[in-house]
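Here is a short briefing on a protein model.

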Amino acid sequence: MSKKNDTSSKDSSLEYEPRVVSRREFLTRGGATLGLAAAASGAAWWLYDPKGNAGLAQPKPKRLKNFFAAVDYPADAPRISVVRGKQESIAHMVAAALDPLGGMERFVKSGDNVLVKPNVGFQRAPNLGATTNPEVLRHVIRKCRDAGASKIVVADNPIESPAACFARSLIQSVSQEEGAQIMIPSKAHFEPIAIRLNPDGSRYQPDPARNEALGTWTIFWAPLAEADKVIGIAPVKDHNLCSASITMKNWYGL
């Protein structure tokens with residue numbers, strides 16, 4: 001009997017005793033909750049930006065230099081020269097192509113920063129012809145040095161893995177052997193460039209009525225930023241749409 005009483009006493013100590021909330025306390029707590037909810041709603045309304053990033057002031061787009069500004073083309077001077085030869089005569093061919101144009105000195109001046117843009121689009125060996133011949137690149141770099149270039153950057157934005165493309169095509173090793181700087185593209189190297197500007201220098205809005213679509217275009221800007229002269233070295237390749245791809249298509253890598 002005594003044991004039963006002890007158990008009963010212990011169980012009764014665990015029973016929950018509800019707390020009575022007064023009307024005043026209920027109203028006070030309810031009002032505080034409503035006040036916090038109203039404050040949160042007000043803050044959300046005040047901070048809400050219906051335009052998002054579109055409402056931010058857009059940075060002024062960069063503009064390409066006129067890389068032809070210091071290059072004159074008198075009417076009696078050729079603008080195109082063509083040479084033919086074999087692999088072992090590349091040094092001679094590069095020189096022979098430049099001589100009728102006035103040599104590399106006509107384009108590259110002492111102290112110039114020169115960007116050389118080969119085709120490094122694919123992870124292929126040079127003998128496949130998918131990329132710029134590295135020996136052509138070598139002798140163009142040397143001609144730039146002879147003309148007085150203070151810095152030469154070799155850059156491209158390959159279709160396949162950039163590091164693998166530069167290595168497999170031998171563009172990287174030849175550039176390093178000749179003292180040129182390699183620039184492998186990364187996201188930070190790209191910037192929006194103005195295709196055209198208004199006369200006052202402000203951002204131009206394309207006019208669809210004039211068949212205009214582009215105001216700016218994002219390009220591989222970093223190697224162009226400090227360049228005084230730009231040289232493209234494109235391989236001539238057969239192409240299923242345009243018969244041959246030569247110089248213009250090579251610029252796509254920028």
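Helices (H or I, at least four residues) and strands (E, at least two) are DSSP runs, numbered from the N terminus. By that rule, Asn250 sits in helix 8, residues 247-250. The model is predicted: local features need pLDDT of at least 70, side-chain atom pairs count only at pLDDT 80 or more, and totals for chains, interfaces and linings use all residues. Residues are numbered from 1 along each chain as its sequence is written, and side-chain values use heavy atoms, with hydrogens and water left out.

**Overall**

- The protein has eight helices and eight strands.
- Of its 254 residues, 30% count as buried. Buried means under 20% relative accessible area, exposed over 50%, and partly exposed in between (1.4 Å probe, protein chains only).
- The protein exposes about 17,300 Å², and carbon and sulfur atoms supply 56% of that. Areas come from the Shrake-Rupley method with a 1.4 Å probe; for residues, only the protein chains shown count as cover.
- Among contacts (heavy atoms within 4.5 Å) between residues at least 6 apart in sequence, 71% join residues at least 24 apart.

**Nonpolar cores**

- A nonpolar core is a set of buried Ala, Val, Leu, Ile, Met, Phe, Trp, Tyr and Cys residues joined through side-chain atoms within 4.5 Å.
- The largest core has 26 residues; Met104, Val108, Val114, Cys144, Ile152 and Ile231 touch the most other members.
- Helix 3 (90-98), strand 1 (113-118), helix 4 (134-146), strand 2 (151-155), helix 5 (162-168) and strand 6 (229-233) each supply at least two residues of this core.
- A second, separate core of 12 residues includes Leu115, Val153, Leu224 and Ala227.
- Leaving aside residues up to four places away in sequence, Val108 touches Val114, Cys144, Ala147, Ala149, Lys229 and Ile231.
- In helix 3, the residues Ile90, Met93, Val94, Ala95, Ala97 and Leu98 are buried. Helix 4 is part of what covers the buried residues of helix 3.

**Asn250**

- Asn250 counts as buried because its relative accessibility is 3%.
- Not counting residues up to four places away in sequence, Asn250 touches Lys117, Pro118, Asn119, Gly232, Ile233 and Ala234.

**Aromatic pair**

- Rings of Phe, Tyr and Trp (its six-membered ring) pair if their centres lie within 6.5 Å; planes under 30 degrees apart count as stacked, over 60 as edge-to-face and the rest as tilted.
- The count comes to one aromatic pair.
- The rings of Phe190 and Phe220 have centres 5.3 Å apart and planes at 20°, so the pair is stacked.
- The pair links distant parts of the chain: Phe190 is in strand 4 (residues 190-194) and Phe220 in strand 5 (residues 216-220), 30 residues apart.
- Phe190 is partly exposed at 26% relative accessible area, whereas Phe220 is buried at 0%.
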